[in-house]
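Here is a walk through one protein structure, written for someone meeting it for the first time. Look at the model, then follow the paragraphs below.

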Amino acid sequence: MDSDTALNDLGEDRVYEASDNSVRRRYPRPSDANHRREFTLPQADRGKDAWLFLAGCFMVEALIWGFPFSFGVFQEYYSTHEPFCSKPSGIAVIGTSSTGIMYLSCPILFAFFKRWPHIRRSCTMIGLTINAVAIIAASFATQVSHLILTQGILYAIGGVLVYCPTIVFLDEWFVRRKGLAFGLMWAGTGVSGIVLPFVMSGLLSRFSFKTTLRAYAVGLVVIALPLLCFVRPRLPLAQTSLQRQLDLGFLRTSAFWIPQSCNIVQGLGYFIPNIYMPTYAKSQGMTGTEGTLMLALVNMGVVFGAIWAGALTDRMHVSSVMAISSIGAALAVFVFWGLAVSLPMLCTFSLLYGLTAGGFSAVYSGIVQSVKRKYTTADSGMVFGFLAAGRGIGAVASGPLSEALLHLQSWKGEARFGYGTGYGGLMVFTGVTAAAGGSSWIARRIGWT
């Protein structure tokens with residue numbers, strides 16, 4: 001990516017122009033003071049400041065996204081404990097509404113940041129406060145609808161306010177290694193997904209959901225607040241910023257809509273194993289610890305999946321990376337989940353699914369670059385925001401869809417292996433949507449993109 005792209009991707013007029021490893025002057029030097037300030041900006045792609053920023057993003061990602069991605073533990077608890085188990089309808093919606101709304105809100109937040117860029121950093125603090133309030137409010141819930149409003153919707157509002165500024169800032173800090181940087185940041189979700197399920201399961205089994213949620217709210221603030229000091233912009237805003245009209249012309253291009261369609265379809269099934277693995281394990285006579293282990297293994301796979309997919313996106317066409325991720329995920333579902341009859345096979349599925357499907361969202365930086373090659377005036381932030389929104393459509397829809405499929409109890413007692421457990425419909429749906437996520441590779445071969 002060239003230096004102009006690094007500056008103008010997010011639609012803001014900046015004082016300076018970024019090169020790959022330093023900052024150079026774009027306009028005639030107005031004064032010696034400006035000349036000195038020009039060379040005090042930190043380097044892109046390398047240096048202490050860049051890596052401290054990425055470490056902060058990693059931890060923010062882990063804390064904000066790790067909580068809803070560990071919802072499978074809460075799903076199992078709420079389904080078996082009062083006051084929620086007597087009327088369990090809608091429990092799956094809690095987790096999917098949280099992740100889905102965070103994704104869906106991204107285009108709105110990016111548009112706001114383009115119009116009012118000075119509010120970006122303050123939004124992280126406001127969002128963290130809302131997250132803590134949402135979790136504490138959820139601890140007072142007495143019915144599922146209360147949890148949907150607090151642990152689901154309100155938490156999502158706070159989460160997206162923390163998350164979106166990190167995406168904007170990361171685009172400034174990393175130019176050549178953008179794909180790798182996004183992959184490392186998104187690996188934070190997987191790391192927290194390894195640890196949090198065991199922590200939450202232990203707290204829920206020893207205490208109540210009220211104590212567990214309140215403890216996490218306190219921990220979230222204590223850990224995240226100092227880390228937000230490192231999550232800051234690299235480039236200063238211009239003293240007088242000329243606002244440019246938002247250009248959404250890329251929405252009319254096949255270069256955007258073909259990968260976006262794959263993204264939406266893949267998202268419809270992607271979240272199902274995260275939601276149902278602990279519940280599925282319990283239905284097969286396994287212990288709660290074994291169910292938590294499978295959820296942790298999915299997230300462990302996500303750590304490495306996000307990194308490999310992000311790194312490959314810097315080296316090969318994004319449609320090829322999407323195809324590798326999709327084919328691998330589909331095989332994991334149909335073979336290791338569908339044919340599973342033992343704990344080792346389910347553990348193998350969990351790890352392989354996280355490793356393959358978990359790398360899919362790490363290709364977003366590659367899709368953005370592919371769109372910008374076809375539509376050069378596209379704003380990177382808005383492209384990313386709409387991709388995230390596409391993911392959100394899948395996340396929100398997967399909650400009621402998965403409940404409906406599970407209610408059907410497809411092939412229960414008729415098919416063999418996992419397909420005959422009542423979860424067969426979920427397995428087939430997850431596998432088919434995973435495979436469809438790689439269709440952009442076929443479209444590129446045909447010449448549609």
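Start with Asp49, which counts as partly exposed because its relative accessibility is 28%. The model is a predicted one: local features need pLDDT of at least 70, side-chain atom pairs count only at pLDDT 80 or more, and totals for chains, interfaces and linings use all residues. Residues are numbered from 1 along each chain as its sequence is written, and side-chain values use heavy atoms, with hydrogens and water left out.

Asp49 has a partner. Its side chain meets that of Arg232 in a salt bridge, 3.7 Å from N to O. The term stands for a side-chain nitrogen of Lys or Arg within 4 Å of a carboxyl oxygen of Asp or Glu. This pair links distant parts of the chain, 183 residues apart. Asp49 belongs to helix 3 (residues 48-69), while Arg232 sits in the loop between helix 10 (209-227) and helix 11 (254-270). Helices (H or I, at least four residues) and strands (E, at least two) are DSSP runs, numbered from the N terminus. Arg232 is also partly exposed, because its relative accessibility is 28%.

How many salt bridges does the rule give? The count comes to five. Another of them joins Lys114 and Asp379, with the closest N and O atoms 4.0 Å apart. This pair too links distant parts of the chain. Lys114 is in helix 6 (residues 106-115), and Asp379 is in the loop between helix 16 and helix 17 (380-408), 265 residues away. Are these two buried or exposed? Both Lys114 and Asp379 are buried. Asp171 and Lys178 form a salt bridge as well, at 3.0 Å from N to O. Asp171 is buried, and Lys178 is buried too.

Now turn to the helices. Helix 11 has 17 residues. From first C-alpha to last it reaches 24 Å, close to the 24 Å expected at 1.5 Å a residue. That expected span is 1.5 Å times one less than the number of residues. Helix 11 is largely enclosed by the rest of the structure, because 13 of its 17 residues are buried. Helix 16 is mostly covered: eight of its 11 residues are buried. Among them are Tyr364, Gly366, Ile367 and Val371.

Helix 14 holds Val333. This residue is buried, with a relative accessible area of 1%. Val333 and Ala434 are 101 residues apart in sequence, yet 8.7 Å apart in space, C-alpha to C-alpha.

Finally, look at the surface. Patches are made of residues with over 30% relative accessible area and no salt bridge; like charges are joined within 9 Å, and nonpolar side chains (Val, Leu, Ile, Met, Phe, Trp, Tyr) within 5 Å. One nonpolar patch consists of Ile327, Leu331, Val335, Leu339, Val341 and Phe417, with about 530 Å² of accessible area together. Val341 lies in the loop between helix 14 (318-337) and helix 15 (343-357). It counts as exposed, at 61% relative accessibility.

Arg373, Lys374, Arg444 and Arg445 form a positive patch. Helix 16 (364-374) and helix 19 (439-446) each give two or more residues to this patch. Arg445 is placed in helix 19. Arg445 is exposed, because its relative accessibility is 58%.

Definitions and conventions:
Areas by Shrake-Rupley, 256 points an atom, 1.4 Å probe, with all protein chains shown as cover. Lys, Arg positive; Asp, Glu negative; His and termini not counted. Charge placed at Lys NZ, Arg CZ, Asp CG, Glu CD. Buried < 20%, exposed > 50% of the residue type's maximum accessible area, 1.4 Å probe, protein only.
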